[in-house]
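Dear colleague,

I am handing over the structure below, and after it I set out what was found. Please read the notes with the structure open beside you.

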Amino acid sequence: MAPGPLVDLLESPPPRAYRLKGVVAVQETAQRRAGYVVHVVGRQVHVHRCPPPDASTVVAIGLGLDPADATPLLDAALTSSTRPDAAGLRRLRRHRLLSE
């Protein structure tokens, strides 16, 4: 997946989503994927490295969360990509460094 849309989701979760949790494989270069565990609680974003999973998964949790609002945002973040996204990768790495 491309890192830019993922970071967009982490920074702007779906309406009424209090938490986001996931394990994702991000395309870092044309030949290399890296794995990340992502958590959002309120406005706090946490990103940690892990082995790349076979499939990326992100879930949204919240009282009154409307699947019709959340599903398109989650699907957009999980868009697959084989092209590097340097700006998105910098943003993701910044969140990872802030999570340490």
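R91 is partly exposed, with a relative accessible area of 28%, where buried stands for under 20% relative accessible area, exposed for over 50% and partly exposed for anything in between (1.4 Å probe, protein chains only). This is a predicted model, in which local features need pLDDT of at least 70 and side-chain atom pairs count only at pLDDT 80 or more, while totals for chains, interfaces and linings use all residues. Residues are numbered from 1 along each chain as its sequence is written, and side-chain values use heavy atoms, with hydrogens and water left out.

R91 forms a salt bridge (a side-chain nitrogen of Lys or Arg within 4 Å of a carboxyl oxygen of Asp or Glu) with D8, and their closest N and O atoms are 2.9 Å apart. Because R91 lies in helix α3 and D8 in helix α1, the pair ties together parts that are 83 residues apart in sequence; helices here are DSSP runs of H or I with at least four residues, strands are runs of E with at least two, and both are numbered from the N terminus. D8 is also partly exposed, at 42%.

The whole structure holds six salt bridges, and E28, R32, R49 and R93 are linked in a network of them. E28 is buried, with a relative accessible area of 5%, and its salt bridge with R93 has the closest N and O atoms 3.6 Å apart. Since E28 lies in the loop between β1 and β2 and R93 in helix α3, this pair ties together parts that are 65 residues apart in sequence.
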